[in-house]
Amino acid sequence: MTLLPDAVRGADSVLISGPPMSGKYDLFNRLLATWADGPVVISTGRTAEKVRGDYEELTGEDGDDVIVIDCVTHEQGDKREDTPTTKYVASAGNLTDIGIKFTDVVESSTGRERAVGVYSLSQLLMYWDPERIYRFTRVMTSQASGEGWPFVGVVGSTAHDEQVVHTLHEPFEVVETRVDDDDREFRVRGRVGQPSDWQPF
């Protein structure tokens, strides 16, 4: 298990930000597994099957317990019906539908301890401006927080202008990732104070 500090594991909302291949997806999955047995993943770039397979491979936990809001399968032309554990959205650009499906999951999960992850906000930023995505994440984090569910989002730091990434920072404890001499490292940039030192993972 990744040696994420208590400040991150105990946070109610975390944003993982970093360049490609720096371990963002790995940290994302491990954090969800640390937080809850049956996390909810809003997947903007991978099918539900792929999400569950990745989750098992990266965490050693049972992927069948993961609820997935799949923004990919219908866009690929495979028009499947919703199931209790998989909800389908026409595309990652349809924030209204994502919100509706998420509310369905919340309502059907009464009394369950869950955690919520969005992988990734970068995909959403291909459809919408940063302010719109910022408002969307605020609604999602407050809805999750109302259930006592922690929330993690991921954004590619090099895919957007630095100002765009900073627009998204506000409600989050930020974990930054990088690759240094082939080693993947992370540091925590809290809401106040200096960032932590870089640590390998």
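Visitor: Which side chain makes a polar contact with the side chain of Thr177?
Guide: Keep in mind that this is a predicted model. Thr177 sits in strand β7, residues 173-180, and is buried, with a relative accessible area of 3%. Its contacts beyond four places in sequence include Gly18, Pro19, Trp198 and Phe201. The polar contact, at 2.7 Å, goes to the side chain of Ser22.

Visitor: Is Arg187 buried or exposed?
Guide: Arg187 belongs to strand β8, residues 183-189. Buried means under 20% relative accessible area. Arg187 comes in at 18%, so the call is buried.

Visitor: What is the length of the polar contact that joins the side chains of Arg187 and Glu176?
Guide: Arg187 touches Val174, Val175 and Glu176, among others. Along the chain Arg187 and Val175 are 12 residues apart, yet 5.8 Å separates their C-alpha atoms. For the side chains of Arg187 and Glu176, the polar contact is 2.6 Å.

Visitor: How far apart are the end C-alpha atoms of helix α4?
Guide: Helix α4 covers residues 95-108, which is 14 residues. At 1.5 Å a residue it should span 20 Å, and the model agrees: the ends are 20 Å apart.

Visitor: Which exposed residues does α4 carry on the face turned away from its buried side?
Guide: Leu95, Ile98, Gly99, Lys101, Phe102, Val105 and Val106 are buried. They cover an arc of only 170 degrees around the axis, so they lie on the same side of α4. That buried set packs against elements including β2, β3 and α6. The face turned away carries Thr96, Glu107 and Ser108.

How values were computed. Residues numbered from 1 in each chain as written. Predicted model: local features only at pLDDT ≥ 70, side-chain atom pairs only at ≥ 80, totals over all residues. Heavy atoms only, no water. Helix = DSSP H or I, 4+ residues; strand = E, 2+ residues; numbered from the N terminus. Expected span 1.5 Å × (residues − 1). Buried < 20%, exposed > 50% of the residue type's maximum accessible area, 1.4 Å probe, protein only. Arc of directions from axis to C-beta. Contact = heavy atoms within 4.5 Å. Polar contact = N/O pair within 3.5 Å; in protein donor to acceptor, adjacent residues only side chain to side chain.
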